[in-house]
Amino acid sequence: TNLSLVRFITAELTRGYFLEHNEAKYTERRERVYTCLRIPKELEKLMTFGFFLCLDAFLYVFTLLPLRVILALLRLITLPCCGLSGSRLLQPAQVCDVLKGFIMVLCYSMMSYVDYSMMYHLIRGQSVIKLYIIYNMLEVADRLFSSFGQDILDALYWTATEPKEKKRAHIGVIPHFLMAVLYVFLHAILIMVQATTLNVAFNSHNKSLLTIMMSNNFVEIKGSVFKKFEKNNLFQMSNSDIKERFTNYILLLIVCLRNMEQFSWNPDHLWVLFPDVVMVIASEVAVDVVKHAFITKFNDISADVYGEYRASLAFDLVSSRQKNAYTDYSDSVSRRMGFIPLPLALLLIRVVTSSVKIQGSLSFMCVLLFYLGMITLKVLNSIVLLGTSCVFVKEANMEEKLFDPPPSAVSSRQSKKKLMESSAPTLPKSDSDTFLTTPDGDDDKIINANTGLEGDGLEHRTPKKDLLEIDRFTICGNRID
């Protein structure tokens with residue numbers, strides 16, 4: 001009743017509030033801050049593990065694949081002497097290895113007609129804005145090539161190894177092989193243009209093109225942070241970031257090789273390139289950290305989910321080492337991350353052979369020692385990865401899934417179960433169906449509109465995908481149902 005300015009100011013100066021009255025809200029805010037602080041560590045653990053997985057698949061093309069191709073060809077040559085012991089001339093894995101070897105040889109012979117120097121000067125003559133647009137178009141084209149390229153290779157492998165008693169439903173091995181050769185060649189050319197554009201940006205005087213290209217990474221934050229993401233979508237994005245980071249490292253290696261060749265392998269020039277290389281890597285790491293930190297914050301995803309992602313990638317590696325494995329590990333990495341090592345390895349071979357001249361017996365001895373060193377690195381990397389993967393799989397309690405039958409048998413059984421359960425009023429849900437899946441808040445309770453009772457009639461909807469079933473190109477949207 002006695003209002004006055006003095007009493008109002010006094011009340012404002014002495015007014016108190018108690019945060020403990022809303023303890024749950026502020027505790028949640030603090031946990032979000034702690035989650036954001038944990039994201040860089042957990043994300044880099046996943047990125048490091050994924051980087052060495054890609055490195056293992058990449059080194060396989062240079063080290064073990066040539067040896068496997070030689071063993072398969074020796075079997076074909078010595079087959080008349082040893083006699084036909086089985087129903088196949090070659091095992092399915094050997095057929096796939098020979099096809100990969102022939103693809104690499106044919107594509108390398110085609111790449112020898114591509115002039116890298118002419119391409120460099122052609123791209124350097126373009127304006128900065130035009131090069132920026134070209135680089136963005138190349139990134140989109142690379143993703144499209146990767147999405148369709150593994151399907152082309154898988155179709156070739158299955159066509160060449162499909163049991164003959166089945167009814168023919170394909171166009172033939174040779175057309176599939178020609179499609180695969182054309183794809184690998186075009187994809188290698190596309191990556192070469194990417195590397196050339198990056199090389200032009202490194203060698204520009206004002207570094208404006210390199211700055212614009214690095215700022216393009218931060219545009220990625222705008223396009224992904226404010227969208228709805230779930231665990232499966234974030235897993236797909238993490239795989240894409242692993243592949244992108246590894247590819248950028250190889251592109252930087254190619255740029256350094258080309259620049260060192262132009263300066264007669266002067267080690268002083270390497271220190272000139274070093275700041276630009278660090279800037280490219282640092283911007284990539286910073287963008288990934290900020291992007292994942294805010295995606296997990298806005299979608300209320302725990303930082304522990306990256307441990308599940310590591311376990312899923314480790315499961316692929318461990319399952320590929322079993323006797324009953326139905327796919328090669330390099331192909332599994334290609335499907336999971338969209339990383340196809342053949343075009344990138346082909347480009348690196350082309351750049352190295354054109355940059356390094358081999359003359360004399362001493363040079364051949366150095367090449368042999370370098371090859372033995374790569375084999376040693378591949379074997380050591382595989383051993384360490386296998387041991388680490390076994391630890392991750394054991395921590396995630398996924399050992400029982402290693403002994404599951406192949407997907408073909410599982411899919412047939414699931415189809416039979418769906419037919420039997422279609423007449424039942426409810427659908428049973430086991431613990432394995434909910435492992436490593438993304439629950440939805442409103443999907444757990446589905447109300448039957450006819451009866452008004454909860455759980456009497458479940459709507460028909462597709463089951464949620466396990467992380468082990470998600471590859472790089474499963475979906476095109478922002479949600480997995």
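These legends walk you through close-up views of the cavities in a predicted model.

Residues are numbered from 1 along each chain as its sequence is written, and side-chain values use heavy atoms, without hydrogens or water. Because the model is predicted, local features need pLDDT of at least 70 and side-chain atom pairs count only at pLDDT 80 or more, while totals for chains, interfaces and linings use all residues.

**View 1. The cavities of the structure.** Five cavities of 30 Å³ or more are found here. A cavity is a set of points on a 1 Å grid over the protein atoms alone where a 1.4 Å probe fits but cannot get out. Points are joined across faces, edges and corners, and a volume is the space filled by probe spheres set on them.

**View 2. The largest cavity.** Its space comes to about 310 Å³. Lining residues, those with an atom within 4 Å of a point, number 22, and E139, D142, Q194, E244 and N248 lie nearest the centre.

**View 3. Helices around the largest cavity.** Two or more lining residues come from each of α6 (128-161), α7 (173-203), α8 (208-224), α9 (231-262) and α10 (267-298). Helices are DSSP runs (H or I, at least four residues), numbered from the N terminus. The most come from α9, with seven residues.

**View 4. The second largest cavity.** Here the volume is about 70 Å³. Of its 13 lining residues, K100, S330, D331, P341 and L342 are the closest to the centre. Elements giving two or more residues to this lining are α2 (23-62), α6, α12 (329-337) and α13 (341-355).

Conventions
1 Å grid on protein atoms, 1.4 Å probe; cavity = no way out; pocket = protein on both sides within 12 Å on 5 of 7 lines; lining within 4 Å.
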